[in-house]
Amino acid sequence: EISLWCFRQDSFATFPSRWGRRLLSEISGAEIVRNSTLRRSTGYALGFVALMRSEPPAAVVPKSLCPFILGKLVTLSLPPLKELQARLDSLLIGGDPTIVGTLLRGNVEAEAKNDNNPKRRVHALNILRTIVLDAPLASDVQAIVGETIVSAILGYHDELWGVRNSSTMVFSAIMLRIVDSDKNARGGPGSGSAITAVEFFRTYPSLVPFLLAILNKGVDELVDGGSGVQQSTAFPVLLLLSRLQPVGFTASDITNLTDPFVSPTWTFLSHQQHHIRVVASKAIANLCSDNSSSNVSSRQALLDRCQSCLLWSDSTAWNEKHGAILALKELLLTCGAPFEVLKANGVDTVVESFTKPP
């Protein structure tokens, strides 16, 4: 009531907007941030949360403050314009108008102000994390989830530790609030709290080409012999796919969106890092469509591919064989009658041969 009354008074209505702009300017300028009493990201984040919570519901007064603040924070969390364009170009999506075009347009303003310093990115990412985790602002956050995921993934392998750390925390917050709210989820099939693959891809369609480009970039690294020690570029995307509810758990068929993910995800089943093979196998099971007409993502096609890998791949390709066994397990866990499927497809005979030493 008090908030609504204040917003209807000319003398008070502009205060939140003015305070919001002041906070935004303070996290943009290096000298101001250093001398501010709110120099820690937590202080800024709580200030933004308080201002955004003070705005009346959209049903009462059309919202303008929350979209303005969120848009500015996303812009400030991105790399400098030239670096952003270079990253998108390296993913072969720089010229695609469907790929977060608003990010490039919004970043022009930040470039013009010459405030592209690492400190503002760290502050913006930390503030976004707090806002994403704030339950009362959930409906407002929905509008910028796609752009925030892009920003977090772009910062996942930044040269600066502060940006990498903050990007990881933002991505974790989105996984918790948007993808799967079960903190103790082990990535098992069909977590009751997880968003369905259908809902995720339909809600954020512009993310599809970006996530696919990140996966393909990781595949290129793997083919070139990279990512042997350091974390794979594609890991956050694989993790996201592994936490969705399986495509086959829903009646809707969106194989036109999910099928392109199957092939690059499959490549990571042979990755030399164990945890990447594990999340890739869970992602494969979630991408299984139970669509008999699909020769890419149907359960039969994926089971056949696993068996082919186990029977015909190089006898010394143990990582690949282990990945195929992991995928078999996850595919069987997501079907209604695993033992029947196991025997009907002759999978039990293939797996049993691997229980004995060579």
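**Stop one: helix α14**

Start by selecting residues 207-223, which form helix α14 in this predicted model.

Next, colour the buried residues of α14: L207, V208, F210, L211, L212, A213, I214, L215, G218, V219 and E221. What covers them? Show α7 (81-90), α11 (145-154), α13 (197-203), α15 (235-243) and α16 (255-267), which are among the elements that do.

**Stop two: helix α12**

Now move to residues 161-179, helix α12. Its 19 residues should span 27 Å at 1.5 Å a residue, and the end C-alpha atoms lie 25 Å apart, which agrees.

Which residues of α12 are buried? Select V163, S166, S167, V170, F171, A173, I174, M175, I178 and V179. As you look along the helix, keep in mind that an α-helix has 3.6 residues a turn, so residues three or four places apart point the same way. Then bring up α9 (118-133), α11 and α15, against which the buried residues of α12 pack.

**Stop three: N286**

Finish in helix α17 (residues 274-287) by selecting N286. Is N286 buried or exposed? Its relative accessibility is 3%, so N286 counts as buried.

Zoom in on the side chain of N286, which reaches the backbone oxygen of S242 at 3.0 Å. To see the rest of its surroundings, leave aside neighbours within four places in sequence and show L241, S242, R243, L244, P246 and V247, which N286 contacts.

Technical notes:
Residues numbered from 1 in each chain as written. Predicted model: local features only at pLDDT ≥ 70, side-chain atom pairs only at ≥ 80, totals over all residues. Heavy atoms only, no water. Helix = DSSP H or I, 4+ residues; strand = E, 2+ residues; numbered from the N terminus. Buried < 20%, exposed > 50% of the residue type's maximum accessible area, 1.4 Å probe, protein only. Polar contact = N/O pair within 3.5 Å; in protein donor to acceptor, adjacent residues only side chain to side chain. Contact = heavy atoms within 4.5 Å. Expected span 1.5 Å × (residues − 1).
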